[in-house]
Amino acid sequence: VARSAAQVAPVLFEHLLRPLVLGGKVTLMRPLGAELESAIAELPEPVGAEALSQIEFARVRRVRSLTPLDRCAAPNASDWRLLACLHDLLQATHPSLGSHANQKLLANVEARLSLIPPVANVHEALMRHSLFARVLEIARVDTKVSYWVGSATYLGTPVPKRLTAWPELRRVKQDVTRRDAADLLNSEQGLRLLVQLLHKTPLTDFATCTRNAPPFQFTEENAALIAAPVGMKLTLRALHALPSEQVTYALRGAASVNARLQSVATQVLQAFQA
Amino acid sequence: MKSQLTPREKGKLALVLEKIALHQTRLRTPGLSLDGRGIALGAKGLVLFPSMDRLVAWLSVYTRERSLEDMLANLRIETVRSKLGTQELVLSFAAESTDRMDATAETARLVGGFTFTGSARHFIQYRDASAPFGFDTNELQTTDASYVLYHEKFTQSYATVRTLPLHDLLLTLMPRPAPETIREIKSGDPHIVVAEAGLGPALIHYFVRSQVQAEVALGEWPPESAFDDGPTRRYLFRVAALPVRMRALLFGTPGITVFLPQGPSVAVEAGFRHPITLRACPVFAGLSLIRQGGAPPWKLDPIPVFGDVRAFARVDINLETPVHDARSSGAPDPVRVQLRLLPSTGAFGQAVTASFFPTAELGMFRSLAYALPRETLERVEIAITGTGVFLHSTDGIEGIPLGTYLTEIHPGLHLATGYDFVPKVAPEVLQQALNIPTSMITFLLPGAGGSERAIAVERAAFVPLETLLLEAPHWEPAAHETIERTLADAPIELQVEVLGLLPLRDV
C-alpha cells in the first residue's frame, strides 16, 4: 500500500523525533526513501503546532544551556529531510535486513544526505542541535537468554515472559548488552554516514566531540560555524560542559591535513584553553 | 519476536573484539575483569614483539624511567612460534594495576610491540585511545596453543619454543662505545679494577703507596680451554674513590680493565654503556663484569673475600735490631684528659640542626605544636628517649623555640650550640674516641657542675614529627541516600519491529 507524506509525517514525529528529544522508545517504519522524504519536506506543515508543543519545552531547555532563547522555531524542510535520513540509517541496522538490502539502503541514505544543504546561520545550527543533540544516545538493547536446554538472542525486542519464567528451576540467565548508534553502525560505510549526518548539525558535532566513535574531525561545516563570533561563543559553551581533558584530547586528535582547517583547529583549542 | 542471528550479524561477530562500554558489567573472556575504573584487566600482562631488537628497545626505554624490580617475580621472556612458522617474542608479567599496564603499553607502542591482558591462555588487546575501557571478545578460539592473542587486526595462536631468562639476555647484550662515561666520572665514584695475575701485586703496592682506599680479592675463573693448566686468576680491586691522576695509567695499561658499577652486583667496562639500565634490573647474583667487544662477561658467584690493600703492604723486618723490653721501665702515666664543654667565645656560625628538651617539657611542646607552620612539621624528626626528647632537621630547627639547641660539627655528631669542647681535637678524632656506631647520632650536652653528657640515639628512632603529632578524632560513617534526578533525560531505546515483505519498496 502506497504511503502518503501526510500519513507518514505524524508517525515519524511520534515514533522518532519525539523520543529523540524527550527520550523513550524509538520504533521505525519501513524505510522511507527519497521520494517520500522530499514529499514530507515539501509539506507546508508536516505536523501540527500542538504536536510540536510537546517537544518545545525540552528543546528550549537544551537551547538555554547555551544561550537565553525562549522559543524554538518549528523544524524546517532540511530538518525533516535529516530526520528521514536518520530514520533510514537506523533502519539499516535492522537484524533481519540482508547484507544486499543493507548496502542498498546505506547507499540511498548517503546520496540523500549529500543533497541536504549545510546550516545557513548560527540560529539554524542551534535549532537543529535542539532536535538532534541526543542522536548518539540512541541505543538498542540486545538480550541473550540462556536456560537449561538452550539459549536465544533477542536484538532490540523484549524477551517473552515464558522464557524467563521459573528462573531458578530453569537456570535462566540473561545477558543484556546496550549498543549505541555508533556501535550498531560499526562498519566503514555506516560510521561514515553517521559522521556525514553529524556534519549537518555542526553544534551537535562539537557538543559530542568527546565520543569514542566516530572520532571528531574538523570539516568545512563545523569550521563555518565557528567562523562567526556568535557560533564560536556557543561552541565554546558547549565544549565547557564536557570534561576539559577529554575535549583537549579530542580537539588535538582532530588534526587535519588541510592547512586552513588546521589553523581553525588551533584557534578553537587556544580559545577553549584560554 | 525471536531473532536468530542473521548473516549480517554473523559477519559482525567475525570481528572478534568488542569495545567495552562505560558501565558495562559483564565480560566474556575468562580471567578478564573490570577494575575500579571500569577498565578490563586480567591477572597477567603480555607484550608481543616481532623481533629481538624491539624487545631490547622496550627494555631500554622502560628501564630509563622505571625499575623492573616489582615485575621480576613473574617476568618471563619466551620465544614463540605462530602457525605460519614466524618466530616472535613474548614478554609476560603480573598485570597488578592499570598504571603498570598503561606504562608498559605506552612504551610498547613506541617500539612497535602489541600489549595484551588476560589470565592463562587467552589474551585480549589492552585498552588504547579508541577504546579507553579496553576490549572484550565475543568468540574464543579452541586450541591447545600456549597463547592465543586477540587483536583488532589479527587473532593468532602461538606455541612456546623456549624461555629466555632476563639475566642471560642482559649478559649477552654487547655494551656500546660511550667515551662520555669516562668524562662523567666524579672523583668520589667507586671503581672495580681487574688486573691480570702478574700485575696484581704491583698494583696493590701502587695503591698503598698512593694512599688510595681500596680492597682487593683474588678471583678464579675456570680454564678457558683444555690446553690451560689450571684456573685463570685475576686480582679484583674495589676502589672507593680513584684519584684523577691515576685514570690515565689504569685505563691505558694492557692487562688492567676498569669497570664502573651499575648496581650492587654488576659493572660495565669503563668507556662503554650497556643498552639497558642495569640498575633497574636486579637479577644478578654474585658479581658480573660485562666486557666490551663481545667478550664473555666475567662472573663471580660467590663473591670472593675482599681485604684492605693496606694489609698487603710490603713489610720490612730488621732481625738485628734489639727489641727494647718495655716491661723494665714500668707503665707510663696516662695522658688522657676528660672532655669538657666550655662556653664559646667565637662567632655563632653554623646552622642549628637539632634540639633537646627534658620529657617534662613535652606538655609545652604539645601546646607549641598548634602554632608550628606546615613546613616545620614536615621536615622535623623527633625521637623520644628516657633521657629526654630530641628534635632533628637538616634544614634548621630554629623554628621551634624550645630546649637546648645543637649544631652538627661532624656527620652524626652534634654539639650544644654556643659551646666548644676542650681539648680542641679534630671532630673526627672526637668521633673515633667516642667509638659510637655510625647507626647512631651523638649529642654532646653541657651538664650541671661540669658533668658533660654524650647521648647517642639510633637514627631509626627518629620519625617524622607530623606522623606522631596528630591524634585522629573519632569518626562515624554516614550513609547517603540516592536523590532522584528530576531533570535527567530518559534513555532513548531503539525497538526493533517486523519489517514485512519487500522492506525497500520505497527506496
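**Exercise 1. Determine how many residue pairs are in polar contact between chain B and chain A, and which elements of chain B contribute to that side.**

Solution. In this predicted model, 13 residue pairs, both at pLDDT 80 or more, are in polar contact between chain B and chain A. On the side of chain B that touches chain A, two or more residues come from each of helix 1 (7-14) and strand 32 (492-495) of chain B. Strand 32 gives the most, with 4 residues. By residue class, this side of chain B holds 15 nonpolar, 4 polar and 11 charged residues.

**Exercise 2. Describe the extent of the interface and its salt bridges.**

Solution. Begin with the contacts: 30 residues of chain B meet 52 residues of chain A. Next, take the area: the two chains bury about 4100 Å² between them, with 53% of it on carbon and sulfur atoms. Finally, turn to charge: 4 salt bridges are found across the interface. B:D506 forms a salt bridge with A:R30, where the closest N and O atoms are 3.1 Å apart.

**Exercise 3. State in which sense strand 1 of chain A pairs with strand 32 of chain B, parallel or antiparallel.**

Solution. Strand 1 (residues 24-27) of chain A pairs with strand 32 of chain B in the parallel sense, over 4 bridges. Within this pairing, A:T27 stands opposite B:Q495 of strand 32.

**Exercise 4. Decide whether B:S60 is buried or exposed.**

Solution. First, locate the residue: B:S60 lies in helix 2 (residues 52-65) of chain B. Its relative accessibility is 17%, and the cut-off for buried is under 20%; therefore B:S60 counts as buried. Leaving aside residues up to four places away in sequence, B:S60 touches B:P275 and B:I276.

Terms used: Residues are numbered from 1 along each chain as its sequence is written. Chains are lettered from A and ligands numbered from 1 in the order in which they are written. This is a predicted model: local features need pLDDT of at least 70, side-chain atom pairs count only at pLDDT 80 or more; totals for chains, interfaces and linings use all residues. Side-chain values use heavy atoms; hydrogens and water are left out. Buried means under 20% relative accessible area, exposed over 50%, partly exposed in between (1.4 Å probe, protein chains only). Contact means heavy atoms within 4.5 Å. Buried area is the accessible area (1.4 Å probe) that two parts lose on being put together, summed over both. A salt bridge is a side-chain nitrogen of Lys or Arg within 4 Å of a carboxyl oxygen of Asp or Glu. A polar contact is a pair of N or O atoms within 3.5 Å; within protein, one must be able to donate a hydrogen and the other to accept it, and residues adjacent in sequence count only if both atoms are side-chain atoms. Ala, Val, Leu, Ile, Met, Phe, Trp, Tyr, Cys and Pro count as nonpolar, Asp, Glu, Lys and Arg as charged, and the others, Gly among them, as polar. Two strands pair if DSSP finds at least two bridges between them.
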